[in-house]
Each structure stands twice: as structure tokens, then as C-alpha cells.
Amino acid sequence: MTVPTEEDWGDYNSDLDQEYAHRVFAGHTNEEMQPHFHANVIERTDELRFMPEIPFRYYMIGFRDFVMAGDFEFEGADAASCFLRLVLEKLEQEPACIGPIMPALLETVERVARNQSAFDADMDIYGDFLDLFARIRALNAARGGS
């Protein structure tokens, strides 16, 4: 995958959320975006949520890489929860958008779900990651994924 082009972003100026996501992410590699995920993973997740398909797919892989690196100061629980919940949301609401990259995300989804305590994600606050994983797996299978 390569950095999305301006054409890949489409008419981002017609939507305030897409315009802001473009301002933060456009033209940057996934490697360049890693410090931005560290700075505020909740905000970066929100920006991913509103991206057009091609930029979303590219930067979602960068988000996966951020989560897999596990180099967290204090944001591990938020990163893990945001990652799982964004995958679930996209499978529920825009399966065609996330479908093509699900094979690249599933290993991380499962790893995060099975290691909730490693992310310091208290179940009373973040819910049960294994429940999220079960829902993700079922939705992915229903759309024909493995």
C-alpha cells in the first residue's frame, strides 16, 4: 500500500470531519503518523472513522502497527479499545470499506482481545475484549471473511 493521493481523498472539503482528517493525515506515511497516535489515539481514531475508503484502509494498517508495537506510555488501554471498536463499527456499518483489509487486521484483533490485561484495560471501564472479538469474528464470517 502506498500513501493515499489527493485523488484518493476525493471531495474531502465537503465534509468537516473528512477535511480535518485530511489536514492531519494527508501526505504522511504510516511511520510518520505513529507519534500522532501516541499524542492522542482517541482523536486519531475519530479521524480514521470519517476517512474515505482508500485513506482509511492505508491508515488503519498504520493504526494496527501502532497497536502491535505496544510502545505505550499510558495510552495502551485506549489504543486497544479504540482499535477493536473501530474494526467492529466498520464491520457493522461499512463492511465494504474495511473488508479488503480484514485479513491484515484479524491477527491483531485476536491478539488484543486475548491479552486485555497486557493493555491495562480494566473490564469495568473498557468492557470485555473477548466479547468484542466474538462479534468481530461473527460479522467478518457473515460477510464471507475467514
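## E94 and K90

In this predicted model, E94 is partly exposed, with a relative accessible area of 35%, a class that lies between buried (under 20%) and exposed (over 50%), as computed with a 1.4 Å probe on protein chains only. Its partner in a salt bridge is K90, with 2.7 Å between the closest N and O atoms, where the term requires a side-chain nitrogen of Lys or Arg within 4 Å of a carboxyl oxygen of Asp or Glu. K90 counts as buried, at 1% relative accessibility.

## Pairs within helices

R49 and D46 are both found in helix 4 (residues 41-49), 3 residues apart, helices being DSSP runs of H or I with at least four residues, numbered from the N terminus. Their salt bridge has a closest N to O distance of 2.9 Å; R49 is partly exposed at 23%, and D46 is partly exposed at 31%.

In helix 5 (residues 53-69), E53 and R57 stand 4 residues apart, about one turn of the helix, and their side chains form a salt bridge at 2.9 Å, N to O. E53 is partly exposed at 37%, whereas R57 is buried at 17%.

## C97

C97 belongs to helix 7 (residues 95-98) and is buried, with a relative accessible area of 2%. Beyond its neighbours within four places in sequence, C97 is in contact (heavy atoms within 4.5 Å) with E53, F56, R57 and K90.

## Basis

Residues are numbered from 1 along each chain as its sequence is written, and side-chain values use heavy atoms, without hydrogens or water. Because the model is predicted, local features need pLDDT of at least 70 and side-chain atom pairs count only at pLDDT 80 or more, while totals for chains, interfaces and linings use all residues.

Note on methods
Helices (H or I, at least four residues) and strands (E, at least two) are DSSP runs, numbered from the N terminus.
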